[in-house]
Amino acid sequence: MTLELRNVIKRAGAETHIYETSLKLREDGFNILLGTTLSGKTSLMQLMAGLERPADGEIWFDGKNVTKVPVQKRNVSMVHQQFINYPNFSVFENIASPLRVARLPRAEIKARVGQVAELLRLSPMLDRRPSELSGGQQQRTALARALVKDADVVLLDEPLANLDYKLREELRDELPKLFRDRGCTVVYATSEPTEALLLGGHTATLNEGRITQFGETAKVYRQPMDLISAAVFSDPPINSAAVTKQGDRFVLNDRVSWRAGESQRTLSDGSYVVAIRPHHITPVDHGANAVRIDGKVLVTELSGSESVVHFEVDGRTWISQSHGIHAFHVGDQASFYIDTGRCMYFGQDNERLAA
Amino acid sequence: MAAKTHNPKAWLFVLPVVILVAFNALIPLMTVVNYSVQETFGDNVFFWEGVGWFEQVLHSERFHASLLRQLTFTGIILAIEVPLGVAIALTMPKKGPWVSVCLVFMAMPLLIPWNVVGAMWNIFALPDLGLLGRAINGMGIDYNFTQQPGSAWFTTILMDVWHWTSLVVLLAYAGLRSIPDAYYQAAKIDGASSWAVFRHIQLPKMKRVLTIAILLRFMDSFMIYTEPFVLTGGGPGNSTTFLSIDLVKIALGQFDLGPAAAMSLIYFLIVLLLSWIFYTLMMRNEAQ
């Protein structure tokens with residue numbers, strides 16, 4: 001079953017939430033919508049579900065135009081960021097609710113709920129009410145409701161965002177397994193680049209109501225087509241700065257320069273934009289491709305296994321992310337090393353030029 | 001770590017509240033208690049009466065009649081105002097410029113002083129001059145709230161519904177607004193009917209505010225005084241003499257301070273008891 005958006009536009013009053021967008025979703029693995037809050041993830045999902053009608057464009061499902069088909073008749077299911085369950089129903093009744101609406105025989109409802117509950121490890125809690133469950137169990141119940149229906153399209157709108165770290169990891173591991181071989185299209189919205197990478201599948205990067213790129217998750221990460229896609233798919237934020245190409249060298253801030261790589265040799269002299277992921281700027285000189293850059297330390301964040309340092313060079317803030325503990329004092333001058341072999345170059349129009 | 005738990009200076013911080021509560025609650029209450037167990041003929045001369053006044057009040061048919069009237073009135077207005085308030089809240093817009101218009105419109109009756117409400121309805125319902133009174137009589141129904149107990153009850157209830165349904169509306173509306181949109185979306189995806197949405201999402205989510213609304217309306221209506229006093233003065237006859245009106249008649253009309261004080265305390269205990277029962281029942285329901 002394939003879900004396809006053709007030139008859809010979504011407006012709310014005078015505001016445009018989704019600019020003209022076309023997208024053909026995949027059935028194998030997750031379709032991840034990656035973008036910050038208000039980038040349009042939820043709006044896109046509401047269009048896919050049929051909760052909202054597009055102002056223009058069409059939605060095709062399995063070779064049929066379903067643009068005007070209301071949500072109840074589309075056989076979709078959705079899991080929200082908030083834990084949405086019927087407050088006065090037991091877990092069993094909650095999971096059974098879509099089947100009851102569909103008027104399935106009692107025995108079948110019981111069997112299917114039992115099966116899904118087993119899968120989501122909810123079997124011991126079937127008699128409890130949502131308010132008596134932990135956050136993780138509440139979200140499992142919501143997931144079970146989405147699963148039990150055998151929907152053609154499953155929409156997961158940041159389902160793990162309200163869970164604590166441990167539960168999030170646990171459920172994130174389970175999710176792809178739960179939906180494997182079900183023959184449904186799964187769409188997963190998230191604002192965390194790491195989550196997209198961990199879930200794999202395909203990713204669409206969203207920015208201000210536009211899909212900037214759609215493709216295999218790893219590929220979108222490694223080869224962003226433009227600066228915006230690269231920025232969306234980077235946490236901490238990607239570093240970008242103007243560079244000039246002079247002969248076979250790139251010059252940054254009139255001071256730092258490095259030899260252009262094999263694929264950039266052919267670029268003509270002129271101004272470009274370089275983007276460097278924070279983990280390609282480290283406090284350690286790692287040899288051949290490294291170029292030193294000096295700046296004033298603004299912020300340091302040390303977690304157990306990595307250090308994130310914000311530093312300022314000529315009025316611009318740079319971010320370095322490195323393994324291990326690298327302690328700096330705020331206000332000190334410090335040296336960082338850019339891995340020039342990993343730099344990405346974009347034209348003045350922010351289109352990517354070469355790897 | 002050993003902490004010093006005793007610090008007499010802490011009392012200083014509590015003192016303002018203690019003084020305030022003493023003046024506006026404890027001292028008046030104790031004065032009433034004082035009157036309820038004694039007989040006085042003025043000049044600060046008191047005679048010990050024991051529980052005599054309490055026995056007299058509890059056995060008086062007049063008190064029973066007032067109490068029955070009060071319970072009936074409160075029961076009727078709760079049965080009307082709570083469902084009506086919820087229904088109005090459900091029809092109010094969720095967003096847009098009309099929200100504030102509706103809210104202001106709804107809050108209007110609540111802002112009118114109680115005696116003004118009574119006076120307004122008194123004039124409104126006059127059979128010969130008032131719009132309501134003339135309209136009802138014009139339809140061929142004999143209506144005169146100053147002479148017929150039925151008409152008086154009808155007018156009093158209508159007035160209370162007009163005055164206080166807004167409170168239920170505002171509380172219910174606040175409860176409805178606190179339900180995330182995602183619930184409605186989930187219900188839509190399930191294909192749930194609007195009755196199911198009301199019964200299984202909106203009503204359970206409104207339970208807490210409705211508990212408060214019912215409690216407030218119960219207590220307020222049980223202590224209603226000003227509006228019926230201005231509207232009917234408790235009449236015709238005794239037909240709309242609710243507990244508080246009766247109490248004032250005994251205390252200030254007949255100057256029977258002892259029985260009035262005893263009745264005040266009984267009245268207070270009834271309100272407290274019924275509120276407690278209400279609250280416990282509703283909270284137990286919640287816990288299930």
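Student: Among contacts in chain A between residues at least 6 apart in sequence, what percentage join residues at least 24 apart?
Tutor: The share is 66%. Contact means heavy atoms within 4.5 Å. This is a predicted model: local features need pLDDT of at least 70, side-chain atom pairs count only at pLDDT 80 or more, and totals for chains, interfaces and linings use all residues. Residues are numbered from 1 along each chain as its sequence is written, and chains are lettered from A in the order in which they are written.

Student: OK. How many residues in chain A, and what share is buried?
Tutor: Chain A has 355 residues, and 51% count as buried. Buried means under 20% relative accessible area, with a 1.4 Å probe and protein chains only.

Student: Switching topic. Which domains does the assignment give for chain A?
Tutor: Domain 1 covers 3-232 and domain 2 covers 239-354. Those bounds come from an automatic or database domain assignment.

Student: How many Å apart are their C-alpha centres?
Tutor: The centres of domain 1 and domain 2 of chain A lie 37 Å apart. Eight residues from domain 1 and ten from domain 2 make the contact.

Student: What area is buried between the two domains?
Tutor: About 740 Å², with 56% from carbon and sulfur atoms. That is the accessible area (1.4 Å probe) that two parts lose on being put together, summed over both.

Student: Which residues of domain 1 lose the most area to domain 2?
Tutor: Tyr221(A), Pro224(A) and Leu227(A). Together they give 60% of what the domain 1 side buries.

Technical notes
Side-chain values use heavy atoms; hydrogens and water are left out. Buried means under 20% relative accessible area, exposed over 50%, partly exposed in between (1.4 Å probe, protein chains only).
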